[in-house]
Amino acid sequence: MKTEDFDNDQAGTQMVQAQNDSTEKAFRDTEVPHWTKQITVRSMVTSFFLSIIFNFIVCKLNLTTGVIPSLNVAAGLLGFALMKGYTTLLDKLGLLKQPFTRQENTVIQTCVVASSGIAFSSGMASYLLGMSPLVAAQGDAGNTLINIKRLAIPWMTGYLFTVSFVGLFSIIPLRKMMIIDRKLTYPSGTATAHLINSFHTPKGAKMAARQVAVLFKSCCGSFAWSFFQWFFAASDGCGFASFPIFGLKAYKQRFYFDFSTTYIGCGMITSYMVNVSMLVGAVISWGIMWPLIEQKKGIWYGAHLSASSLHGIQGYRVFISIAMILGDGLYHVMYHAGYMVFILIKRRFSNKPEEKKVELSSPPPLPLTNMDAGLRSSETELSENYDEQRRTEYFLKDQIPRRFAVSGYVALAAISSSVLPFVFHQLKWYHVALAYFIAPVLAFCNAYGCGLTDWSLASNYGKIAILIFSAWVGPERGGVIAGLASCGVMMSIVSTASDLMQDFKTGYLTLSSPRSMFVSQVFGTAMGCVMSPLIFWFFYKAYRVGDPTGSYPAPYGLMYRGIALLGVEGFGSLPKHCVALAVSFFAFAIAINIVTELLKRYETKYKIYRFVPNAMAMAVPFYLGSYFVIDMCIGSLLLFGWKLWNKQQAEDLAPAVASGLICGESMWGVPAAILSLANVKAPICMKFLSYSDNDRVDSFLSSSGSK
């Protein structure tokens, strides 16, 4: 899952079934197509249509809470279902010329995830939205013309095309070192590969068909429920989404169940502890802290300030949340960097001469043709290293030249350094050039750490870039815009690099060529650069995106702008005691991570670390409230009960059910937005009032009727 930047591998691990002693043994009679035949017209068309769906899903999630679960399982499953149905039909008609292979399935999955990944890293709901006048108006400071940029499709699309491809070239030369030499696991990439491999075996194909059927039913049910809810939501505050299930007082503190199937599905995919951590964060903030701080209105902050002012209660919500996110992110950046250096040094000095001699004396991998010919003669001749030898041979077969990667990075970085100052005049070419000079090192650290832990810290590097560049440029010269734009540069490179290495791992385990992985990433990135602005604009014109009281609050827009304001103005602009509270929670986030790591290492009997809350997850509801957390916890409870009733069925079908719930409600967002643009209102407003408010309404209606 990505709570703005951290991934969850529970969905992937649920899908990893027990593997045979040799996975490649099941495919030894299947010819591996040339890399040019792995990328087909039908796979690109399928990727295009799935990318539209997944971009809508990611955009909607970004604009509501920013909590994005892993969609790799759904992408692989839907890609398999569409292509399998299409090729089966062609086969029955006698028109099938090329069978559907796991390599082609991998290409589709890679392309779709790359496209939807741009919807996240593009910053449409974070750093780009933070430039807009609506978000800027929520902060009293920095609301000047030079620190505001109106959003428009042309420049946003051009910006994405300028920055999104550079990261693809940043760490290509290191793919062999990470995948083969260091044998980094990349848990999400490995889980996706096992999923795709299982689809293309007879037993796996039957399970895939069952999962597709369940996903379709779940999707239709979610869509129908969303359609039904629309009839009762004539205006803001109406309908099931504003159901005060815990009472009106709790509702005012954002504790309510909004009947969102999207976040019920997210809760089924997300780990139990992440959901519990968010609930703990919601109770601490909206249940305890904010009510106490609101009692200090007129003492700690001005009584005349609006609820959305960053100098009032909103400042505490935003900056304490930012402090926890930065604390957690800084810990993981430093930990991963230190751990990576430790591992590299340890491996370097642990290679004794005797071990090297043994390695050199070991026989080299057999050629593909000889290997296949010898192994097919008898199953007893299959060696333990057959899978590794076969995968390594194919992985190294289609090399991507180092010169191509280096020259591509330098050329694209030079173009970006020249173009971006025309898009953002607050940025100078040397600002961008410095970012591109530093970025490969950070991309390597992030990709290496992601291979070890499955955590991508791309947005944390982006936040650090905001602080550095906004402070460097200053408020008078547009430091807010410069910081937010530099965040996009850094975040795009670091995020794309780790995603590409995940795909290389998936390709390695499915015998997909690195070249086909790279080309599909390029194609998916290009689609994302076009689709993301268009889909975002669809929502932007239909709703008040970025309004904290609306349907699409886009919380990270204000948070990212808050970080930029912190960079240009320092701590003096914050309300009273906000700095002390923010520093305390910054230290608290680091302390939680240290305690968790110590428990992992030294307390192994009861594994208490599993019950320590996650600081990043706790920070999210500090700003948003707990309404979506309630949904996600219900999703977790449903999954827990399902596992008690039938564990195997739950592990097999829960990811498909969850994906269907997410897809169904997200797809309803399209007709709902069209109705909003056409100014078509729902016929009913279902609202909940207290007894006294209801009496006043009845009295008003009675007096109006008598007149």
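Modeller: Contact means heavy atoms within 4.5 Å, and helices are DSSP runs (H or I, at least four residues) numbered from the N terminus. This is a predicted model, in which local features need pLDDT of at least 70 and side-chain atom pairs count only at pLDDT 80 or more, while totals for chains, interfaces and linings use all residues. Residues are numbered from 1 along each chain as its sequence is written, and side-chain values use heavy atoms, without hydrogens and water.

Biologist: How is the packing of two helices described?

Modeller: The angle between the axes and the distance between the axes describe it. Axes are lines fitted to C-alpha atoms, for helices over the stretch in contact, with angles from 0 to 180 degrees between N-to-C directions. Here the axes of helix 5 (residues 102-121) and helix 22 (residues 514-542) come within 7 Å and cross at roughly 35 degrees.

Biologist: What is a disulfide?

Modeller: A disulfide is a covalent bond between the sulfur atoms of two cysteines; the criterion is a pair of cysteine sulfur atoms within 2.5 Å. The whole structure has 1 disulfide, which joins Cys 238 to Cys 685 with S to S 1.8 Å.

Biologist: Is Cys 238 buried or exposed?

Modeller: Cys 238 is buried at 5% relative accessible area, whereas Cys 685 is partly exposed at 38%. Buried means under 20%, exposed over 50%, and partly exposed in between (1.4 Å probe, protein chains only).

Key
Helix = DSSP H or I, 4+ residues; strand = E, 2+ residues; numbered from the N terminus.
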